[in-house]
Amino acid sequence: MKPSSRCFTTRRVQTCSRTVRASFQARTVIVTKAQPASSTTGTAAGTSAGRPRTKDDLNDPAQIGATGTASTTVQDFGGDVSLSTYMMLPVEQYFVLDPNQIRFLQGTRFLLKVPRVEILNVWLEPEVEINVVSQAEPPRVVLQAENCRIRGSDLIENMRLDQKFCLRFTTELTWRSSKALPGDSVSSMSSYEGDMMGQGEIVGNAQLDVWSEVIPPFNLMPRELLQSSCNVVMRGLVSTLLPLFVRKLGEDYEKWAVDPAYRAQRSTRKMPLS
């Protein structure tokens, strides 16, 4: 690209950003005065018929998203306290990373409160209902989003963004272990029956896709630029939360494996922590 072309592109982005910010400020005043504030708790991201909303229900939605992979290495203690035994615990005995962010609903469903996301002077706080399923063949735990609600700043609430988007979110947890041998590494491990100590690994893979109608003033931005900006935020969110979750899960396994009192307390739970 020639220097003059780069300058033109830079000026275009800066001009769009200034236009959006100015329109955002005006729109906030107009919308706040013209419409009553909606409930801060939001509504489920579904249709009036109660089924989850899909991208086909939306008007010319923009698509954003992110993927991520994270892993952590642990000591697999084998036997009755093997990594596999821990990962296949009943849902009611699951470890809760942060009770302020994860709350048990019923059955196999949890409510996950995503940390606040700020995009172009507005903020969002999504709340996602997650269904947790354990599968034996191949061994894995799958977390699947079923519903999502959005709380947000005044603009988000008054523009009813909560009713103008849908998402698809899946996180898959897998694990493997091996008998520890001199010179072994995680990448060269082979699976075993879990009756002896060795090295283990927990792997998390996440896929997040979001479709949203483009509300004013964001419709003043070029679609490609808007989606690119939002994708950066989504990638940052996934790349921060997924490694933290997987690492904390590994730490909890090692505590569960070596602490009989902690293990006994977990086994008597009638429902997950809330």
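**View 1. Asp60 sits in the loop between helix H1 (3-34) and strand E1 (62-76).** Helices (H or I, at least four residues) and strands (E, at least two) are DSSP runs, numbered from the N terminus. The model is predicted: local features need pLDDT of at least 70, side-chain atom pairs count only at pLDDT 80 or more, and totals for chains, interfaces and linings use all residues. Residues are numbered from 1 along each chain as its sequence is written, and side-chain values use heavy atoms, with hydrogens and water left out. The phi angle of Asp60 is near 45 degrees. That is a positive value in a residue other than glycine. Asp60 is exposed, at a relative accessible area of 52%. Here buried means under 20% relative accessible area, exposed over 50%, and partly exposed in between (1.4 Å probe, protein chains only).

**View 2. A cis peptide bond joins Glu137 and Pro138.** Omega is about -10 degrees. Pro138 belongs to the loop that runs between strand E5 (122-135) and strand E6 (140-152).

**View 3. Glu129 pairs with Arg109 in a salt bridge.** The N to O distance is 2.8 Å. A salt bridge is a side-chain nitrogen of Lys or Arg within 4 Å of a carboxyl oxygen of Asp or Glu. Across the whole structure, a search finds twelve salt bridges. Glu129 is in strand E5 and Arg109 in strand E3 (residues 109-113), so this pair ties together parts 20 residues apart in sequence. How accessible is Glu129? Its relative accessibility is 12%, and Glu129 counts as buried.

**View 4. Glu129 also meets the side chain of Arg149 in a salt bridge.** N to O, the distance is 3.2 Å. This pair links distant parts of the chain: Arg149 is in strand E6, Glu129 in strand E5, 20 residues apart. Arg149 counts as buried, at 16% relative accessibility. Which residues make up the network of salt bridges around this site? Arg109, Glu127, Glu129 and Arg149 are linked in it.

**View 5. Within helix H4 (residues 223-258), Glu251 and Arg247 lie four residues apart.** That spacing is about one turn of the helix. Their side chains meet in a salt bridge, at 3.5 Å from N to O. Buried or exposed, or in between? Glu251 is partly exposed, with a relative accessible area of 39%. Arg247 counts as partly exposed, at 39% relative accessibility.
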